[in-house]
Amino acid sequence: MEKRSIKVDIAVFAGVVIIGAVLAGVFLLGKKPGKTVVVSIDGKAIATYPLDEDRQELLIGKDGGTNRLIITKGEAWIDEADCPDKLCVHQGKISNVNESIVCLPHRITVRIEGSDAGEAPDALAR
């Protein structure tokens with residue numbers, strides 16, 4: 001009885017390790033570098049910038065607050081904001097498709113997108 005229990009435990013452990021490795025591979029290898037940075041305020045896209053051009057932009061939020069967007073070397077980030085919590089500053093650099101930075105007090109979203117318009121969607125909803 002005890003030998004059977006050990007074999008089952010080993011099989012379950014091996015299965016969990018294999019599933020974990022597959023999921024880690026999908027998430028780590030599935031990242032695609034982005035092409036553009038899309039800035040939205042209150043859900044409306046207001047600007048699109050190429051990710052491969054270095055620039056600094058001052059973003060003025062819905063409430064009049066400001067965030068400074070930096071795009072350099074294929075990465076984008078908010079390095080300065082006058083919001084109280086500064087979570088947008090602490091979110092760090094983004095560079096892959098579907099990564100985003102959000103400043104809730106100013107209602108600003110910075111999102112990375114790819115450039116292939118003919119690319120298949122990740123999921124379909126009906």
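**Overall build**

The structure is a predicted model. The protein contains 2 helices and 7 strands. Read from the N terminus, its elements follow the order α-β-β-β-β-β-α-β-β. The table lists values for the protein as a whole.

| Property of the protein | Value |
|---|---|
| Share of buried residues | 25% of the 126 residues |
| Accessible surface | about 8900 Å² |
| Share of the accessible surface belonging to carbon and sulfur atoms | 58% |

Sequence separation can also be considered for the contacts. Of the contacts between residues at least 6 apart in sequence, 35% join residues at least 24 apart.

**A buried residue: Asn67**

Asn67 is part of strand S4, which spans residues 66-72. Is Asn67 buried or exposed? Its relative accessibility is 0%, and therefore Asn67 counts as buried; the term applies to residues under 20% relative accessible area. The side chain of Asn67 forms a polar contact with the side chain of His106, at 2.5 Å. When neighbours within four places in sequence are left aside, the residues in contact with Asn67 include Glu57, Leu58 and Leu59, as well as Ile78, Glu80 and Ala81. Cys88, Cys103, His106 and Ile108 are also in contact with Asn67.

**A surface patch: Val8, Val12 and Val16**

Which residues form a nonpolar patch on the surface? The patch is formed by Val8, Val12 and Val16, and together these residues have about 260 Å² of accessible area. Val12 is located in helix H1, which covers residues 2-29.

How values were computed: Residues numbered from 1 in each chain as written. Predicted model: local features only at pLDDT ≥ 70, side-chain atom pairs only at ≥ 80, totals over all residues. Heavy atoms only, no water. Patch = residues over 30% accessible without salt bridge, like charges linked within 9 Å, V, L, I, M, F, W, Y side chains within 5 Å. Areas by Shrake-Rupley, 256 points an atom, 1.4 Å probe, with all protein chains shown as cover. Salt bridge = Lys/Arg side-chain N within 4 Å of Asp/Glu carboxyl O. Helix = DSSP H or I, 4+ residues; strand = E, 2+ residues; numbered from the N terminus. Buried < 20%, exposed > 50% of the residue type's maximum accessible area, 1.4 Å probe, protein only. Polar contact = N/O pair within 3.5 Å; in protein donor to acceptor, adjacent residues only side chain to side chain. Contact = heavy atoms within 4.5 Å.
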